[in-house]
Amino acid sequence: MHPREQTIFALSSGRLPSAIAVVRVSGPQAGAVLASLAGKMPVPRMATRVLLRDGAAQPIDDAVVLWFPGPASATGEDVAEFHVHGGRAVLAELFAALSGFDDMRAAEPGEFTRRAFENGKLDLTEAEGLDDLIHADTDRQRRQALRLLKGLLGDRARNWRTEIIEASALIEAGIDFSDEADVPTELLEPALVKIKTLLAEIQEVLAAQGRSERLRDGLVVAIAGPPNVGKSTLMNALARREVAIVSPHAGTTRDVIEVQLDLDGYPVTVIDTAGIRETEDPVEKEGVRRARARAAEADLVLWMTDVQSDGNPDDAAAPVWRVRNKIDLEVGAARGQRETDFGISASRGDGLTDLRLALVKFAQDYFGSEQGGLIGRERQRKLLQLTAAALQRSISAIGDGEELAAEDLRLAAYSLGKLLGRVDVEDILDVIFREFCIGK
């Protein structure tokens, strides 16, 4: 039997032990397995309390079961759910009983969602939204993923594809009736209006995105500067916990330390780097090399100095903010001349509120407005760009030949089909669904 025709099972709830564990079964054998273990077939979509027994009639657990006959189920197949007590011994016994049935196997990562996609329960943009929702760490990531999961991009893409096909039909009809001089003009004009409207809508969606797709990965902020200026202290202050060792001795930090923060719902990775200076210590030298490399890759660099150390940051493509630490030790310390100059006391907390607010503002500008943002991944943006380019070419080609315009419309519809996962996407399905956890 082909693996996709086998019945699969997996733990679909959280880490064990837990109060309740949910085991999901999907496939043609789900009903027979449920009836065998529960001793009866429950009413569809009604929670039923039963005593589960294995093949030797030995009790497994006092459980609640649910039966979802396909195609009206999450995967489009017959689905059974076992809500059991979340102990490891209970789950081990239930998995052993499930494995004893023919054509049953443990599910692979993302296989339940992949079957839902293949059975038309959701398109590829919704599947990507579900994956993003599972991995969302901040509220803004959750909101963006939920927009994809609700099908906002997929619904618009399906409507656009329908409109493109209709415009293409008008143009091809014009080609077929080209012997009648007045018919092509009557058909081409509404097709051209339709194409221009579609192009404007897609360009509007692309223009509104900014860098919103980067919200999945987050903003990277590197704290760099000379040794012993308080970089690790600032890292701990931003994280509000001890994540880096603080020492009065220069060169304490010799490797790159990272911490993920939630700044007003924006995901931010803060990097504490080794103090940048000339050194003959091979370990510290490697730390300095890594510090320079990570600072060069960051989206924002906080160049930190104090009253005794200044120095200048290396040339970097990212914006550089100067942060002067230990102002509590200076007399008459004041903020610098630029808006991105900050005076702080990382140990005492002076100026940290202003720095945090500035980081939040930077994140807002960097990610752009989340209102109406539909694109969550680079794949989606590139396919919409290909669609827009094909529509633009079709508009230009109408005057030179309807056949060329029709071909460009076919390419535009094809790109939207790939966006939805309905044409020629087998090569990317494994990449997308293997990122899911087992049981989803």
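**View 1. Asp123, a buried residue in a predicted model.** Asp123 is buried, at a relative accessible area of 1%. Buried means under 20% relative accessible area, exposed over 50%, and partly exposed in between (1.4 Å probe, protein chains only). The model is predicted: local features need pLDDT of at least 70, side-chain atom pairs count only at pLDDT 80 or more, and totals for chains, interfaces and linings use all residues. Residues are numbered from 1 along each chain as its sequence is written, and side-chain values use heavy atoms, leaving out hydrogens and water.

**View 2. The salt bridge of Asp123 and Arg158.** Their side chains meet at 2.6 Å, N to O. Asp123 sits in the loop between helix H3 (111–118) and helix H4 (124–134), and Arg158 in helix H6 (residues 152–176), so the pair ties together parts 35 residues apart in sequence. Helices (H or I, at least four residues) are DSSP runs, numbered from the N terminus. A salt bridge is a side-chain nitrogen of Lys or Arg within 4 Å of a carboxyl oxygen of Asp or Glu. Arg158 is partly exposed, at 32% relative accessible area.

**View 3. The salt bridge of Arg377 and Asp132.** The N to O distance is 2.9 Å. Arg377 lies in the loop between helix H10 (352–367) and helix H11 (378–397), while Asp132 lies in helix H4, so this pair ties together parts 245 residues apart in sequence. Arg377 is buried, at 8%. Asp132 is buried too, at 9%.

**View 4. Arg381 and Glu378 in helix H11.** They form a salt bridge, with the closest N and O atoms 4.0 Å apart. About one helical turn separates them. Arg381 is partly exposed, at 22%. Glu378 is partly exposed, at 42%.

Key: Helix = DSSP H or I, 4+ residues; strand = E, 2+ residues; numbered from the N terminus.
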